[in-house]
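Here's a quick walk through one model, meant to be read with the structure open beside you. Take a look, then read on.

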Amino acid sequence: MVLLILAHPYFNKSIANKTIVERLQKSSLDIEIRNLHALYPDFSIDVQAEQDALLRHNTVVFQYPFYWYNMPA
């Protein structure tokens, strides 16, 4: 199973990232998508829930805006 960690602060305004996620959701892939900004709008991250999500999956994909030019912290 694949875990996609979506870290886009303005996902609803995104074109590229939104298109990718919508296609993945419609696919037959066994994938869990965790939109961090939707889950934690106040930045109070549930560390245990995120660690559990990481441990449930064999593959982890980070998706974030290209304009960042690097992985988020």
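Is histidine 57 buried or exposed? Bear in mind that this is a predicted model. Histidine 57 comes out as buried, because its relative accessible area is 6%, and the cut-off for buried is under 20%. You'll find histidine 57 in the loop between helix H3 (47–56) and strand E3 (59–63).

So who are its neighbours? Leaving aside residues up to four places away in sequence, histidine 57 touches Met1, Val2, Leu3 and Glu32. Take methionine 1: it sits 56 residues from histidine 57 in sequence, yet the C-alpha to C-alpha gap in space is 5.3 Å.

Now for strand E1 (residues 2–6). Four of its five residues are buried, so E1 is largely enclosed by the rest of the structure. Here's how E1 pairs up:

| E2 (residues 31–35) | parallel | five | glutamate 32 |

For contrast, head out to the surface. Phenylalanine 66 lies in the segment after E3. Phenylalanine 66 counts as exposed because its relative accessibility is 70%, and the cut-off for exposed is over 50%. Phe66 is also one of the residues in a nonpolar surface patch, alongside Tyr10, Tyr67 and Tyr69. Together, these four have about 590 Å² of accessible area.

Methods: Residues numbered from 1 in each chain as written. Predicted model: local features only at pLDDT ≥ 70, side-chain atom pairs only at ≥ 80, totals over all residues. Heavy atoms only, no water. Helix = DSSP H or I, 4+ residues; strand = E, 2+ residues; numbered from the N terminus. Buried < 20%, exposed > 50% of the residue type's maximum accessible area, 1.4 Å probe, protein only. Contact = heavy atoms within 4.5 Å. Patch = residues over 30% accessible without salt bridge, like charges linked within 9 Å, V, L, I, M, F, W, Y side chains within 5 Å. Areas by Shrake-Rupley, 256 points an atom, 1.4 Å probe, with all protein chains shown as cover. Salt bridge = Lys/Arg side-chain N within 4 Å of Asp/Glu carboxyl O. Pairing = 2+ DSSP bridges.
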